[in-house]
Amino acid sequence: MRTRSLAVNALGILIVLALWQVAGMRLGEALVATPVQAAVSLVATLREGAFWPALWSMLWQMLIGYAAALLVGIPLGIAMGRSNLVLAIVKPWASLFIVVSAAAIVPLFIILMGRGVLFCTSIVFVATVWYVVLTMTEAARGVSPRLLDVARAFDASGFQRFRMVILPALYPYVLIAARIGLVHALRAMVTAEMFISAGFGGLLNDAGLDLSTAPLFALIVMLMLISISATGVLRWIGHRSAPWYRSQTGG
Amino acid sequence: MAHLTVSNISKSFAGLPVLVDQSLEVREGEFVALLGPSGCGKSTLLQIINGLVSADSGRVVLDGKDITGRTGSGRGMVFQGSDLFPWRTALENVAFGLEVMGVSKAERTRRAMHYLHMVGLDGAADKWPHQLSGGMQQRVGIARAFCIQPSLLLMDEPFGALDVQTRDILQDELVRIWEAERKMVLFVTHGIEEALYLADRILVFSKRPAHVLKEITVPFERPRREDMKLAPEFLELRREISDLLRHDIKA
């Protein structure tokens, strides 16, 4: 079953690559570079001196904003899910901010903070935190009232119910929130860097301005690989550390 | 002397009376079944005795102590769907009540192992609930309630969700365990045969608002045997209760 689904996955990827190759050969490199050209360009990019420092500077700045978003978002989301008061106060703001794209707030943040580390991490933070908050809110609201009743029947205090029922019930959702947040953090970081022409986003910007699509594709593929492998690692951690959860959802 | 006195309990939900002025007594070592149609309010009565639901009026006194509206102290509860904590192994589920009480890890593991052994699940101590069958899960649920050594055991249709064969086996197990460690039991069920097979005394409840139609002292010897379900006396009592309930529902 598993090998078969892997084979189907691989086939899907091959079909898209073949279509891309055909489109690229028809339209020419200036519009759509072929996968082969992109691959060649990717190797060249990886060898280039500018790539690795750009990647590194993007990642560490993103990780600061991302970590801050988790540190604030997880407790806030749990509080919102378990307290109607906190929910009533914070939910309207969360709903407002979550629909604003990172690109829309970049100009404001440049005015407020300039173009340094503070700017990038702040963009990542505000673009990520609300997804973490809302994921945790839903999870916290969904904690089984029956299991809370069991704990109450065994005379668990409010704090014991929080520590022995709510927290373990939420643990898998923390990892889901981290996964969703990571995708948004990475997107926001690249957007921010493209505006200020720095780091990885800067490389993307330059490639676009050069009208050379092969390096552009190479960079985009790199971005995808980073995002997929990072979320894959988080998923793996989730399945390893909470095996009971995977069995429940079949995920 | 262990003793439960429940007096003049009334309860309505949103103006709809579910229980009106209900009283009952359970003597030391007595197994009492609360038998009645689904949704008649007998489960609500059990939850009031447990303290999970507050009564509008009336008192619950266990072993001379007024425990009205309070959970814990002397009561163990077995829930309908077993309601195990999915993030705890079978052993950790059984030990839950002791952990709430602050019993040391070594001691609670030792005691939980004893009760797991009693329900025949020695080998399943480290299994997650999802790895156990429905019947095994409910065995863990029973062990969890026994493990805090309550003077009163409350069981809310514990075998309601199981298939007939598993239910028969678990009834026998329960009789065996209870005969080894006699405590007061209140057992809610809508199964006439189950009530006759397990209980010393049956309180037959009407449809909502629940009141006791009839109190039946079960005349069969202990230890009970599966083949007594076919004895003429058993069948006669069974028909009598069945007629009583049918008549009440039509009235």
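**Note on the domain and chain interfaces**

1. Two residue pairs in polar contact, both at pLDDT 80 or more, cross the interface of domain 2 of chain B and domain 3 of chain B. By class, the side of domain 2 of chain B that touches domain 3 of chain B has two nonpolar, one polar and four charged residues. A polar contact here is a pair of N or O atoms within 3.5 Å; within protein, one must be able to donate a hydrogen and the other to accept it, and residues adjacent in sequence count only if both atoms are side-chain atoms. For the classes, Ala, Val, Leu, Ile, Met, Phe, Trp, Tyr, Cys and Pro count as nonpolar, Asp, Glu, Lys and Arg as charged, and the others, Gly among them, as polar.

2. Basis. This is a predicted model: local features need pLDDT of at least 70, side-chain atom pairs count only at pLDDT 80 or more, and totals for chains, interfaces and linings use all residues. Residues are numbered from 1 along each chain as its sequence is written, chains are lettered from A and ligands numbered from 1 in the order in which they are written, and side-chain values use heavy atoms, with hydrogens and water left out.

3. Chain B layout. An automatic or database domain assignment supplies the bounds. Chain B splits into domain 1 (1–23 + 43–71), domain 2 (74–188) and domain 3 (203–251). Over C-alpha atoms, the centres of domain 2 of chain B and domain 3 of chain B lie 27 Å apart.

4. Domain 2 against domain 3 in chain B. Seven residues of domain 2 contact five residues of domain 3 in chain B; contact means heavy atoms within 4.5 Å. The two domains bury about 430 Å² between them, with 37% on carbon and sulfur atoms. Buried area is the accessible area (1.4 Å probe) that two parts lose on being put together, summed over both. The rule also finds two salt bridges across this interface. A salt bridge needs a side-chain nitrogen of Lys or Arg within 4 Å of a carboxyl oxygen of Asp or Glu.

5. B:D168 and B:K229 pair in a salt bridge (3.5 Å, N to O). B:R238 and B:E193 form another (2.8 Å, N to O). B:R238 lies in helix α8 of chain B and B:E193 in helix α7 of chain B, so this pair ties together parts 45 residues apart in sequence. Salt bridges with shared partners join B:D168, B:E193, B:E226, B:K229 and B:R238 into one network. Helices (H or I, at least four residues) and strands (E, at least two) are DSSP runs, numbered from the N terminus.

6. B:R222 and its partners. B:E179 forms a salt bridge with B:R222, with the closest N and O atoms 3.8 Å apart. B:E179 sits in helix α6 (residues 164–180) of chain B, and B:R222 in the loop between β10 (212–217) and α8 (232–250) of chain B, so the pair links parts 43 residues apart in sequence. The side chain of B:D200 also makes a polar contact with the side chain of B:R222 (2.9 Å).

7. Is B:D200 buried or exposed? B:D200 is buried, at 19% relative accessible area. The cut-offs are under 20% for buried and over 50% for exposed, with partly exposed in between (1.4 Å probe, protein chains only). B:D200 is in the loop between α7 (192–198) and β9 (201–205) of chain B. Beyond its neighbours within four places in sequence, its contacts include B:E30, B:W178 and B:R224. B:E30 is itself buried, at 7%, and forms a salt bridge with B:R27 (closest N and O atoms 3.2 Å apart).

8. Chain A against chain B. Here 19 residues of chain A contact 25 residues of chain B. The buried area is about 2000 Å², of which carbon and sulfur atoms give 68%. A:F154, A:M164 and A:W244 supply 34% of the area that chain A buries against chain B, more than any other three residues. The count is one salt bridge; B:D83 and A:R146 meet in a salt bridge at 2.8 Å, N to O. On the side of chain A that touches chain B, α7 (145–153), α8 (158–196) and α11 (243–249) each supply at least two residues. The largest share, seven residues, comes from α7(A).

9. Inside chain A. The assignment gives domain 1 (1–28) and domain 2 (33–249). The two chain A domains bury about 490 Å² between them, 70% of it on carbon and sulfur atoms. In domain 1 of chain A, A:W20, A:Q21 and A:G24 lose the most area to domain 2 of chain A, together 82% of what that side buries. The salt bridge count between these domains is zero.
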